[in-house]
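Take a look at the fold below.

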Amino acid sequence: MKGHKKNFLPEKTCPTCNRPFKWRKKWAKDWEQVRYCSQRCRSAKGDSG
Ligand SMILES: [Zn+2]
């Protein structure tokens, strides 16, 4: 059921900088695929490791 009224936003940990980042509205439709906190971290992947 939907309709929960919580001040809780989903959170993920960025594998590049290892920092937790929270849901943002701009990710509303892509959240499940978002893995990095920022474009910079996203493009930094594969740099080492
Ligand atoms: Zn990051």
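The model is predicted. Begin at the zinc ion. Its protein donors are the SG atoms of Cys 14, Cys 17, Cys 37 and Cys 41. They lie 2.3 Å from the metal. The angles among the four donor atoms run from 104 to 116 degrees. Angles between 85 and 135 degrees count as tetrahedral for four donors, and the site of the zinc ion is tetrahedral.

Now trace the donors along the chain. Their spacing is C-x2-C-x19-C-x3-C. Cys 14 sits in the loop between strand S1 (11-13) and strand S2 (20-22), while Cys 41 sits in helix H1 (residues 39-44). The two are 27 residues apart in sequence, so this pair ties together separate parts of the chain. Both are also shielded by the protein. Cys 14 has 0% relative accessibility and therefore counts as buried. Cys 41, at 10%, counts as buried too.

Step back to the whole chain. The protein has one helix and two strands. From the N terminus on, the order is β-β-α. Of its 49 residues, 16% are buried. Consider next the contacts between residues at least 6 apart in sequence. Of these, 9% join residues at least 24 apart.

Which residues make up the largest nonpolar core? There are eight: Cys 14, Phe 21, Trp 27, Trp 31, Val 34, Tyr 36, Cys 37 and Cys 41. Three of these names, Cys 14, Cys 37 and Cys 41, belong to zinc donors as well. Leaving aside neighbours within four places in sequence, Trp 27 touches Phe 21, Lys 22, Val 34, Tyr 36 and Cys 37. Cys 37 also brings the zinc site into this list, as one of the ion's donors.

The rings deserve a separate pass. A pair of aromatic rings is described by the distance of the centres and the angle of the planes. A search of the whole structure finds three aromatic pairs. In one of them, Phe 21 and Trp 27 have ring centres 5.4 Å apart and planes at 75 degrees, so the pair is edge-to-face. The cut-off for that label is an angle over 60 degrees. Phe 21 is buried, with 4% relative accessibility. Trp 27 is buried at 10%.

Phe 21 has a further partner in Trp 31. Here the centres are 6.0 Å apart and the planes meet at 75 degrees, so this pair is edge-to-face as well. Phe 21 lies in strand S2, and Trp 31 lies in the loop between S2 and H1. Ten residues separate the two in sequence, so the pair ties together the strand and the loop. Trp 31 counts as buried, at 12% relative accessibility. Phe 21, Trp 27 and Trp 31 form one aromatic cluster.

Finish in the loop between S1 and S2, where Asn 18 lies. What is the phi of this residue? Asn 18 has a positive phi of about 60 degrees, although it is not a glycine. Is Asn 18 buried or exposed? Asn 18 has a relative accessible area of 58% and is therefore exposed. Cys 14, in that loop too, is buried.

Notes: Residues are numbered from 1 along each chain as its sequence is written. This is a predicted model: local features need pLDDT of at least 70, side-chain atom pairs count only at pLDDT 80 or more; totals for chains, interfaces and linings use all residues. Side-chain values use heavy atoms; hydrogens and water are left out. Donors are N, O and S atoms within 2.8 Å of the metal (3.2 Å for Na, K and Ca); water is not among the atoms, so sites may look incomplete. Four donors count as tetrahedral if all angles lie between 85 and 135 degrees; four count as square planar and six as octahedral if opposite donors are over 155 degrees apart and all others between 65 and 115; anything else is irregular. Helices (H or I, at least four residues) and strands (E, at least two) are DSSP runs, numbered from the N terminus. Buried means under 20% relative accessible area, exposed over 50%, partly exposed in between (1.4 Å probe, protein chains only). A nonpolar core is a set of buried Ala, Val, Leu, Ile, Met, Phe, Trp, Tyr and Cys residues joined through side-chain atoms within 4.5 Å. Contact means heavy atoms within 4.5 Å. Rings of Phe, Tyr and Trp (its six-membered ring) pair if their centres lie within 6.5 Å; planes under 30 degrees apart count as stacked, over 60 as edge-to-face and the rest as tilted.
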